[in-house]
Amino acid sequence: MLMRNMLAILCISFFANFVCAEEFKPSPNKKMDWKFDGITGSFDRESIQRGYKVYKEVCAACHSMNRIAFRNLQDVGFSEEDVKQIASSYQVKDGPNDLGEIFDRPGVPSDYFIAPFDTKEAAAASNNGAVPPDLSLIIKARHDGANYVYSLLTGYQNGEHDENDLYFNPYFSTGRLAMAPPLSEGMVEYDGARQATVENMAYDVINFLQWAAEPELERRHKLGLKVVAYFIILTVFFVLTNNRIWSKLYKKK
């Protein structure tokens, strides 16, 4: 009797979890027009620079970018002096020195972006038990990465959350996540006439993250076009040569 009751409870629990899992289906990603898309895609460097500002002032409080060095910012239009100034604004742990001690020093361009937390445990304790992922490859690590992350950043439902402090977002796989809405109107001060709306900030930071995940994109596209052009020329040459050879054979017959 006890065994039958236990089996019944397990079956009910299984089907209840199955039904709950089937109840929610994430919304389709918003489709944006990205300059880096397509075989001729390229980077919008002005947007990437603004996106770095959004990352630095908003995202970097929780998310690391361990694969990006300060010197890499020169690839998107920052000057050497800009990079030195940005790097020196951080304190980097180094050592040991001659006394065997670890010490802090100003950052240099060859240093990598500084992580906000020293350990995963510290990150989880500060983020409702969830460890914020490193953003270096986040665009490549998610299906339809650029559109997905953009949809996620702009998809919060007015900051609504449940009793467990999980925030509602229809683009997340379960519809609820521990990350609070990271962007709000005007939280970053842009230069020029561009407005710091949630949509604009999300668009710019996605351009920055796409560059970070695939900095060789432009070189790869240019090489691809050269290879295609080479094969087109080679094909034309092969066809002309082939026709000339066979035309001579036909004349002999």
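**Entry 1**

Where is P96 found? I looked it up: P96 is in the loop between β1 (91-94) and β2 (103-106). I take helices (H or I, at least four residues) and strands (E, at least two) as DSSP runs, numbered from the N terminus. The bond joining G95 and P96 is a cis peptide bond, with omega about 5 degrees.

A note on what I am reading: this is a predicted model, in which local features need pLDDT of at least 70 and side-chain atom pairs count only at pLDDT 80 or more, while totals for chains, interfaces and linings use all residues. Residues are numbered from 1 along each chain as its sequence is written, and side-chain values use heavy atoms, with hydrogens and water left out.

**Entry 1: the overall plan**

I found eight helices and four strands in the protein. Along the sequence, their pattern reads α-α-α-β-β-α-α-α-β-β-α-α. I then checked burial, where buried means under 20% relative accessible area, exposed over 50%, and partly exposed in between (1.4 Å probe, protein chains only). Of the 253 residues, 32% count as buried. For contacts (heavy atoms within 4.5 Å), I looked at residues at least 6 apart in sequence: 61% of these contacts join residues at least 24 apart.

**Entry 2: two positive phi values**

Most residues other than glycine have a negative phi, and most peptide bonds are trans. I noted N128, whose phi is near 60 degrees, a positive value in a residue other than glycine. N128 sits in the loop between α4 (120-125) and α5 (138-141), and at 43% relative accessibility it counts as partly exposed. D144 lies in the loop between α5 and α6 (145-154) and is partly exposed, with a relative accessible area of 25%.

**Entry 3: the core**

In soluble globular proteins, nonpolar side chains tend to be buried together. I looked for nonpolar cores here, meaning sets of buried Ala, Val, Leu, Ile, Met, Phe, Trp, Tyr and Cys residues joined through side-chain atoms within 4.5 Å. The largest has 49 residues, and Y55, M65, L73, F113, I206, F208 and W211 touch the most other members. At least two residues each come from α2 (45-57), α3 (80-88), α5, α6 and α7 (198-213). The largest share, eleven residues, is supplied by α7.

Not counting residues up to four places away in sequence, M65 touches Y55, F113, D134, L135, S136, F208, L209 and A212.

How many of the residues of α6 are buried? I counted ten of its ten, so to speak a mostly covered helix. Among them are Y148, V149 and Y150. The cover over the buried residues of α6 includes α5, β4 (176-177) and α7.

In α3, I found V83, I86 and A87 buried. They are on the same side of α3, because they cover an arc of only 95 degrees around the axis; the arc is that of the directions from the helix axis to the C-beta atoms. The exposed residues E81 and Q85 are on the face turned away from that buried side. The buried residues of α3 pack against α2.

**Entry 4: aromatic rings**

Rings of Phe, Tyr and Trp (its six-membered ring) pair if their centres lie within 6.5 Å; planes under 30 degrees apart count as stacked, over 60 as edge-to-face and the rest as tilted. My search of the whole structure gave twelve aromatic pairs. One of them is F70 and F113: the centres are 5.2 Å apart and the planes at 40 degrees, so the pair is tilted. The pair links distant parts of the chain, 43 residues apart, with F70 in the loop between α2 and α3 and F113 in the loop between β2 and α4. Both F70 and F113 are buried. Ring pairs also join Y52, Y55, F70, F78, Y90, F113, F208 and W211 into a cluster.

**Entry 5: around Y190**

Is Y190 buried or exposed? Y190 is buried, with a relative accessible area of 9%, and lies in the loop between β4 and α7. R50 lies over the face of Y190, at 5.9 Å from the ring centre; the rule is that NZ of Lys or CZ of Arg is within 6 Å of the ring centre and within 35 degrees of the ring normal. The C-alpha atoms of Y190 and K53 are separated by 8.7 Å, though the residues are 137 apart along the chain.
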